[in-house]
Each structure stands twice: as structure tokens, then as C-alpha cells.
Amino acid sequence: MVRCVEDRPKNAGSERLWALVNGLNEVEVRDTVEWHTEDFVRQDRRRLVALPEVDRHGFIEQILAWSELEDGKPIYTPLVVLGVAGDRCVAMRIRIGFATGNGVDLIHVVCFDRLVERMHRIVSFDPDDVDAALAELERLHGEIEADRV
């Protein structure tokens, strides 16, 4: 079900997320709201930050708030796919940097819609919390499989 980094994991979700993260640097943040399903949810499980759970509009507002604090648009860099599950779920380490020199690495566990076009769920973890991220990847995949029945 979940393949780890040694297997060089790849699925439709990892390919889509890699493209989306790279594409973030080419578009306005507000324009990315359509990259999320209407019932999108973002949860933050990082130990020190732990932003509140938000919908797709709230997520865009969080990104815009970071941009204001750091005096400029964030620069996103996909680093490595840590694991995949099925076609729609992926755990990826991402770097978010700013022109000020500040930045953060984190793990996003992402679940896509049935067509693997729009993000349905993002759960963020600290970059060293790989075990928890992979457990969430498996849990989200299990939710999808249960919905198919």
C-alpha cells in the first residue's frame, strides 16, 4: 500500500503534486483556490506552528498572510516523495522559502479527488515527523478505499 523513499515512489497523485508545487511559483496565490475541491480541508499537525484547520479559502488566506509577514510571495520547491498510497495519496517533503531568506521545510500529505486533479485534503507535518506522515497517508488511503465500497 505505502511505498517508502527507497522504492522511489510514484503515482498519479505524486506526479500531480510535483507539477502543482512547481506551478505555484508561476501563478498568483489567489488563483490557486481552484486547485482545491469545494470540500477541501487543510490540517496542520506541526508541533510548534499548528495553524488552525481551514477550508480552501482559509488556506489561501494563510498563504497570503505568510507572504505579508515575509514581504513577498513564497517560493515553493518540491524536495522528495516520501510515500504514495493508491493513485490519489502522496506524502511529499516541500520547502517554502522567501526572499528574506527565511523558510521552512515540511511534509504535506495530500489526497486528491477521484480524477487526481484537485486537492481534497492536505495534512502538514514537521520535516522529521516521517512516521506520523506515513501513518496519515495510510489512514487517508484507507478512507478512500472505504468510500469505494
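**Close-up 1. The side chain of Arg42 makes a polar contact with the side chain of Ser124, at 2.9 Å.** The model shown here and in the other views is predicted. A polar contact also links the side chains of Arg42 and Gln62, at 3.2 Å. Arg42 is found in strand 2. With a relative accessibility of 0%, Arg42 counts as buried.

**Close-up 2. The surroundings of Arg42 include Trp66, His108 and Ile122.** Leaving aside residues up to four places away in sequence, Arg42 also touches Leu51, Pro52, Glu53 and Val54. Phe59 is among the residues that Arg42 touches.

**Close-up 3. Phe40 and Phe59 form an aromatic pair.** A search of the whole structure finds 1 aromatic pair. The ring centres of Phe40 and Phe59 are 5.7 Å apart, and the ring planes meet at 40°, so the pair counts as tilted. Planes under 30 degrees apart would count as stacked, and planes over 60 as edge-to-face. Phe40 lies in strand 2 (residues 36-44), while Phe59 lies in helix 2 (residues 56-69). The pair therefore ties together parts that are 19 residues apart in sequence. Both Phe40 and Phe59 are buried.

**Close-up 4. Strand 3 and strand 4 run antiparallel.** Strand 3 covers residues 75-85, and strand 4 covers residues 89-97. The two strands are joined by 9 bridges. Look for Val81, which stands opposite Met92 in strand 4.

**Close-up 5. Strand 3 and strand 4 form a hairpin.** There are 3 residues between the strands. In this hairpin, Gly86 takes a positive phi near 60°.

**Close-up 6. Cys89 and Cys111 are in no disulfide.** A search of the whole structure finds 0 disulfides. For Cys89, the nearest cysteine sulfur is that of Cys111, 3.7 Å away. For Cys111, in turn, the nearest cysteine sulfur is that of Cys89. Cys89 counts as buried, at 1% relative accessibility. Cys111 is buried too, with a relative accessible area of 3%. The cut-off for buried is under 20% relative accessible area.

Key. Residues are numbered from 1 along each chain as its sequence is written. This is a predicted model: local features need pLDDT of at least 70, side-chain atom pairs count only at pLDDT 80 or more; totals for chains, interfaces and linings use all residues. Side-chain values use heavy atoms; hydrogens and water are left out. Rings of Phe, Tyr and Trp (its six-membered ring) pair if their centres lie within 6.5 Å; planes under 30 degrees apart count as stacked, over 60 as edge-to-face and the rest as tilted. Helices (H or I, at least four residues) and strands (E, at least two) are DSSP runs, numbered from the N terminus. Buried means under 20% relative accessible area, exposed over 50%, partly exposed in between (1.4 Å probe, protein chains only). Two strands pair if DSSP finds at least two bridges between them. A disulfide is a pair of cysteine sulfur atoms within 2.5 Å. A polar contact is a pair of N or O atoms within 3.5 Å; within protein, one must be able to donate a hydrogen and the other to accept it, and residues adjacent in sequence count only if both atoms are side-chain atoms. Contact means heavy atoms within 4.5 Å.
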